[in-house]
Amino acid sequence: MSETPKGPQKVDLKRLKPYGDIMGDGTIQICFTLPVEASAEAREAAVQLVQKMGLDQIKVATMENVGRGFSMFVIYANVKVPVDFTKIEVVKVEAKTRARDELDEVIKTHIGRKLVVLGACTGYDAHTVGIDAIMNMKGFAGDYGLERYQWLDARNLGAQVLNEELIKLAVSEKADAILVSKVVTQHNIHIRDLKDLITRAKKAGLMDRLIFVAGGPRVTHPLALECGFDAGFGVGTKPSDVASYIVEEFLRRRERLDGIPNPLRPTDEPARAKAPAKPTKKSAPKTKRGSAGSKLVVKFRPKKAMTTGARARKASPRRKAKK
Ligand code: B12
């Protein structure tokens with residue numbers, strides 16, 4: 001048993017380590033399965049693996065057989081290396097999550113019409129649960145979906161929607177935002193499909209006004225930016241996070257394009273000048289694909305994110321058009 005520390009334990013943010021029972025001890029719990037029966041040899045193999053991961057003070061808390069020929073381990077061990085928390089910067093979606101009532105009120109008062117939001121799971125992907133969680137009336141984790149908002153005209157198009165169909169609908173329905181769910185990531189199909197949508201949107205001249213939001217368990221905000229989207233949301237996203245972003249981004253963009261003051265702009269932030277007739281082309285910040293970590297914090301991202309290489313991507317697989 002370790003001694004109970006006296007007084008408040010000070011966190012060293014420059015040398016941040018996991019917390020076990022003493023500040024800075026670096027204790028973590030790991031769980032994995034080995035494809036061998038539980039035995040003294042299996043235990044030793046597990047310990048050696050954890051040692052090779054660079055951890056020390058290894059304690060095997062649990063070793064159990066799981067099915068025939070497999071053993072499952074729960075191990076406590078200590079991380080030796082810290083991270084400097086004071087140097088961490090993350091590219092984040094720029095929006096404060098607001099309540100549904102507040103957002104409805106903002107749209108009603110400051111926009112005066114319903115914002116049209118189209119949601120779809122695109123390409124070959126048939127995983128609708130994620131986009132349903134965001135769009136459907138009942139919502140997700142106690143948070144009502146976008147269909148429940150009085151001032152959002154939210155339409156869930158379901159699964160396997162073709163990018164070209166989505167673009168056509170965006171034009172005919174005068175959509176303000178497109179929400180794309182990508183769950184299957186095999187062979188990076190999610191990236192190809194997302195980029196393909198943006199290429200089509202650019203050809204259709206939709207990039208200035210339309211807000212592009214991507215989501216899915218392996219989608220991160222930096223990845224979405226890399227694909228030319230405006231924002232990306234991952235695991236645990238709630239509908240109100242997305243609605244808040246759409247409303248804020250709509251108002252930011254309107255200020256930039258039309259010079260109409262953004263009522264949600266923090267008072268300490270300067271107003272954005274009206275955009276020139278031809279917006280200057282700037283690249284999106286370079287980010288590490290799929291990682292949350294990055295050197296840049298994006299305050300406002302101008303509409304342009306595709307790299308030259310991205311244009312060389314192949315078309316996404318498509319389902320056959322409905323008759
Ligand atoms: C249910 C399920 C299915 C169901 C889908 C039913 C349906 N109507 O959706 C069925 C059985 C059809 C299915 C089929 C397949 N599946 Co499946 N499936 C799953 C499973 C078990 C759960 C997914 C889920 O519903 N999650 C719950 C939702 C709420 O979470 P979520 O999607 O992450 O959504 C949240 C966030 O990501 C975010 N979000 C999601 N989308 C969006 C969009 C926007 C705009 C925003 C803002 C946010 C957002 O918000 C949500 C709420 O917080 C996962 C494994 C798992 N445990 O995750 C495998 C999984 C996704 N499936 C997988 C695979 C491989 C397949 C198949 C290819 C299997 C096969 N060989 O046939 C097929 C593919 C079919 C197809 N054409 O797409 C793999 C994908 C691997 C990969 N990364 O590519 C997984 C991970 C299983 C695995 N471990 O192998 N599957």
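1. Two strands count as paired when DSSP finds at least two bridges between them. Keep that in mind for L55, which stands opposite V79 in β3. Strand β3 covers residues 71-79, and eight bridges join β2 to this strand, the two running antiparallel.

2. Now for the whole picture. Please remember as you look around that this is a predicted model. The protein has seven helices and eight strands. Of its 323 residues, 33% count as buried. Among contacts with a separation of 6 or more, 66% are between residues 24 or more positions apart.

3. Back to the sheet that holds L55's partner strand. Three strands make up this open sheet, in the order β1-β3-β2, and the pairing is antiparallel. Which strands are at the edge? They are β1 (27-34) and β2 (55-65), each of which pairs on one side only. On average, neighbouring strands of this sheet are turned by 20° against each other, direction ignored. Helix α1 (residues 40-52) packs on the sheet and touches β1, β2 and β3. The direction of α1 makes about 145° with that of β2.

4. Next, have a look at the ligand. It is surrounded by 28 residues, and the closest are V129, G130, L179, S181 and G215. The largest share, five residues, comes from α3. Sorted by class, the shell has 16 nonpolar, 11 polar and one charged residues.

5. Is S181 buried or exposed? S181 has 29 C-beta neighbours inside 10 Å, and the cut-off for buried is 20 or more, so S181 counts as buried. Leaving aside residues up to four places away in sequence, S181 touches C121, G130, I131, G215 and G216. S181 and V129 are 52 residues apart along the chain, yet their C-alpha atoms are separated by 9.4 Å.

6. Two backbone angles are worth checking. In general, most residues other than glycine have a negative phi. Q160, however, has a positive phi near 55°, and K174 has a positive one near 50°. Where do they sit? Q160 is in the loop between β5 (152-156) and α4 (163-172), while K174 is in the loop between α4 and β6. Their surroundings can be compared with the cut-offs: 12 or fewer C-beta neighbours means exposed, and 20 or more means buried. Q160 has 17 other C-beta atoms within 10 Å, so Q160 is partly exposed. K174 has 10 other C-beta atoms within 10 Å and is therefore exposed.

7. What span should its 20 residues have at 1.5 Å a residue? The expected span is 1.5 Å times one less than the number of residues, so α7 should span 28 Å. Its end C-alpha atoms are 28 Å apart, which agrees. Helix α7 is also mostly covered, with 16 of its 20 residues buried. Just after α7, G259 takes a positive phi of about 75°.

Note on methods. Residues are numbered from 1 along each chain as its sequence is written. This is a predicted model: local features need pLDDT of at least 70, side-chain atom pairs count only at pLDDT 80 or more; totals for chains, interfaces and linings use all residues. Helices (H or I, at least four residues) and strands (E, at least two) are DSSP runs, numbered from the N terminus. A residue is near a molecule or strand if its C-beta atom, placed from the backbone, lies within 6 Å of it. Ala, Val, Leu, Ile, Met, Phe, Trp, Tyr, Cys and Pro count as nonpolar, Asp, Glu, Lys and Arg as charged, and the others, Gly among them, as polar. Two residues are in contact if their C-beta atoms, placed from the backbone, lie within 7 Å. Axes are lines fitted to C-alpha atoms, for helices over the stretch in contact, and angles run from 0 to 180 degrees between N-to-C directions.
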